[in-house]
Amino acid sequence: TLFAAVQYSLDTAYYGKPTFTPLNFLRVNLSSVSSFYGTNQWHYYITQALPIICTTSLPFAIHGAWLAKMLPGEIGRASRTLFGLCRWVVAVYSLTSHKEWRFIHPVLPILHLFAALSLASLFAKGRTAEKDKEKADRYTLPVRWSHLILVLSTLPASLYVIFFHSRAQIAVMHHLRSLPASELRSVGFLMPCHSTPWQAYLHRPEVEMWVIGCEPPLRGQDISTYQHQERVFFNDPITYIQSRFPSRVNEDFPPSPLPSSPPGNSSVTEWAHNWPSHLAFFGHLTEAYPDVIQLLQSKGYRESWKTNNGWEEDERRRGGVQVWSYRNSS
């Protein structure tokens, strides 16, 4: 109760009106708005999300949760409480139409605790008293080798995700950050939403940046016909650029009047841009729409940097990342 009161007070002070964000979260995500980003079956978290986040440790996590039910005393009560929390999180998120595995990622540390309990229990169960007493000091982990190999079998995939997957989206921010202030005046990202880490990597607050938005239909629009900015752009990039950018580049690179819809106001669709000093986009844009190259070159832009990325499920994010800079002073 005290926590809820404190959060309500802070939310209200920040937004300037009575607000309780957990209630707003449930109100929006349990409505039809969440289905705008796709729908999934009710069992998605059980049959797909849990196997994705746990990978080969899932059998041990299930076994450990079962063992936790039989633990005595305070440890047993705490373990059962944690398992109940996991079930509650999965059950609540299963009520929403739109589901993503990352939504239940916060319960992964708890599932790892259960997996550790299982691995240690199976190790102890498989030991023969006299033989293993002699070898006890040789083990640094109470885990069978076969189980350890199974758990670590996902290590190659983990290394790929850490060092290679989507590396172009991060590399482009490092490149932009390295440019001098006299050169990097503004940046426009002609990319799908949430493609780059933005200022979390750039750390250049003086640089005006904008990205194609994807505001959900929070104003009661018909979900079946609603088109956010990202969809409008990728449906016809040439028409979007020709109709929403000036015919000539202003070399002072002034801020764009309305580069995306204001947050929470998806009914505003009169997007209007000024040409920035730099444009960043995925290679797929120029591969799928070759006329984009001619259009940008006619405005005085040239490719100044590019890098490749790893495998991408979304074809719009394929082809690496390119940066085009304005170089024409005529």
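## Helices α5 and α6

Helices α5 and α6 are oblique to each other, since angles under 35 degrees count as roughly parallel, over 145 as roughly antiparallel, 65 to 115 as roughly perpendicular and the rest as oblique. This is a predicted model, in which local features need pLDDT of at least 70 and side-chain atom pairs count only at pLDDT 80 or more, while totals for chains, interfaces and linings use all residues. Residues are numbered from 1 along each chain as its sequence is written, and side-chain values use heavy atoms, with hydrogens and water left out.

The axes of α5 (residues 73–94) and α6 (residues 108–125) cross at roughly 135° and come within 10 Å. Axes here are lines fitted to C-alpha atoms, for helices over the stretch in contact, and angles run from 0 to 180 degrees between N-to-C directions. Helices (H or I, at least four residues) and strands (E, at least two) are DSSP runs, numbered from the N terminus. On the α5 side the contact (heavy atoms within 4.5 Å) is made by Ser79, Leu82, Phe83, Leu85 and Cys86, and on the α6 side by Ile110, Leu111, Leu113 and Phe114. Eight of these residues are nonpolar, one is polar and none is charged; Ala, Val, Leu, Ile, Met, Phe, Trp, Tyr, Cys and Pro count as nonpolar, Asp, Glu, Lys and Arg as charged, and the others, Gly among them, as polar.

## Ser325 in strand β5

Ser325 belongs to strand β5 (residues 321–326). With a relative accessible area of 5%, Ser325 is buried (buried means under 20%, exposed over 50%, partly exposed in between, with a 1.4 Å probe and protein chains only).

Its side chain makes a polar contact with the side chain of Arg327 at 3.3 Å. A polar contact is a pair of N or O atoms within 3.5 Å; within protein, one must be able to donate a hydrogen and the other to accept it, and residues adjacent in sequence count only if both atoms are side-chain atoms. Not counting residues up to four places away in sequence, Ser325 touches residues including Ser277, His278 and Tyr301.

## Two loop residues

Arg185 lies in the loop between α10 (167–178) and β1 (186–189) and is partly exposed, at 37% relative accessible area. The side chain of Arg185 reaches the backbone oxygen of Asp252 at 3.2 Å. Beyond neighbours within four places in sequence, the contacts of Arg185 include Val207, Glu208 and Ser277.

Ser247 sits in the loop between α13 (237–244) and β3 (278–282), and its relative accessibility of 61% makes Ser247 exposed.
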